[in-house]
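The sequence and the structure come first.

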Amino acid sequence: MRNHYFISFLSCILLITLLGGCGKKDPAAGSENNPAPESNVSSDGEADTASAPVSFETLTLDGNTLSADLFSESRITMINVWATYCNPCLNEMPGLGELASSYNPGDFQLIGIISDVMEDADEETLTHAADLVAETGADYPHLLLNESLYYALLTDVSAVPTTFFVDQEGQILDTVIGAMEKSAWEEKINAFLEE
């Protein structure tokens, strides 16, 4: 019964996001430089390290099972939340694909979360998402949405793309709302790796 309510709730959220467009945000939701109070980033732009490590288990677009244990594999994990209808998301994915392959996996890894594709989606929906990943060259794991992933990372996501940086212990270090150029992402990644 709980799962039925979750699916209904999630469907409503996705519908609101679709109607609002991926680039539009509620002003109360904050922005990259002035995030909302309930986000993982404080008003001075610093990560809220008091938050608990994230925990989830879900399937990838390829059908593999991944959990929050993946964070221990790399010093920094960049999680890019995107949607199949979001042009800014799709426009930045070729650069993200290049970034994913240009770092040592022990230092940096990139993971995508497809916010509008559920773990139990039909074959047509999964194929469409896989085609978009192939077209954009975003050759890194893409997680499918389920209840555990939603509650672990997406409860405060109000727009796509939204990107999180997570350390090896699963602590969220930073949150960025909106798309950026490859060079801007590279600068941010390098700053984390130099710490």
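Two strands count as paired if DSSP finds at least two bridges between them. In this predicted model, strand E6 (residues 162–167) and E7 run antiparallel and are joined by 5 bridges. Valine 166 has isoleucine 172, in E7, as its bridge partner.

**Overall make-up**

The protein chain contains 5 helices and 7 strands. Read from the N terminus, the order of elements is α-β-β-β-α-β-α-β-α-β-β-α. The chain has 195 residues, of which 48% count as buried. Among contacts with a separation of 6 or more, 74% come from residues 24 or more positions apart.

E6 and E7 belong to an open sheet of 5 strands, ordered E5-E4-E3-E6-E7, with mixed pairing. At its edges lie strand E5 (142–145) and strand E7 (172–177), each of which pairs on one side only. From one strand to the next the twist averages 20 degrees. Helix H4 (residues 147–154) packs on this sheet and touches strand E3 (76–82), E4, E5, E6 and E7. The direction of H4 makes about 110 degrees with that of E5.

The elements of this region whose limits are stated here are listed below.

| Element | Residues |
|---|---|
| Strand E3 | 76–82 |
| Strand E4 | 108–118 |
| Strand E5 | 142–145 |
| Strand E6 | 162–167 |
| Strand E7 | 172–177 |
| Helix H4 | 147–154 |

**The nonpolar core**

The largest nonpolar core has 53 residues, and Phe56 and Leu153 touch the most other members. Strand E4 (residues 108–118) gives the most to this core, namely 7 residues. Which residues does phenylalanine 56 contact, leaving aside its neighbours within four places in sequence? They are Leu66, Ser67, Ala68, Leu70, Phe71, Leu143, Ser148, Leu149, Ala152 and Leu153.

**The disulfide**

How many disulfides does the structure hold? There is 1. A disulfide is a covalent bond between the sulfur atoms of two cysteines. Here cysteine 86 is linked to cysteine 89, with their sulfur atoms 2.4 Å apart. The link is right-handed, with 80 degrees about the S-S bond. Cysteine 86 and cysteine 89 are both buried.

How values were computed
Residues are numbered from 1 along each chain as its sequence is written. This is a predicted model: local features need pLDDT of at least 70, side-chain atom pairs count only at pLDDT 80 or more; totals for chains, interfaces and linings use all residues. Side-chain values use heavy atoms; hydrogens and water are left out. A nonpolar core is a set of buried Ala, Val, Leu, Ile, Met, Phe, Trp, Tyr and Cys residues joined through side-chain atoms within 4.5 Å. Buried means under 20% relative accessible area, exposed over 50%, partly exposed in between (1.4 Å probe, protein chains only). Helices (H or I, at least four residues) and strands (E, at least two) are DSSP runs, numbered from the N terminus. Contact means heavy atoms within 4.5 Å. A disulfide is a pair of cysteine sulfur atoms within 2.5 Å. Axes are lines fitted to C-alpha atoms, for helices over the stretch in contact, and angles run from 0 to 180 degrees between N-to-C directions.
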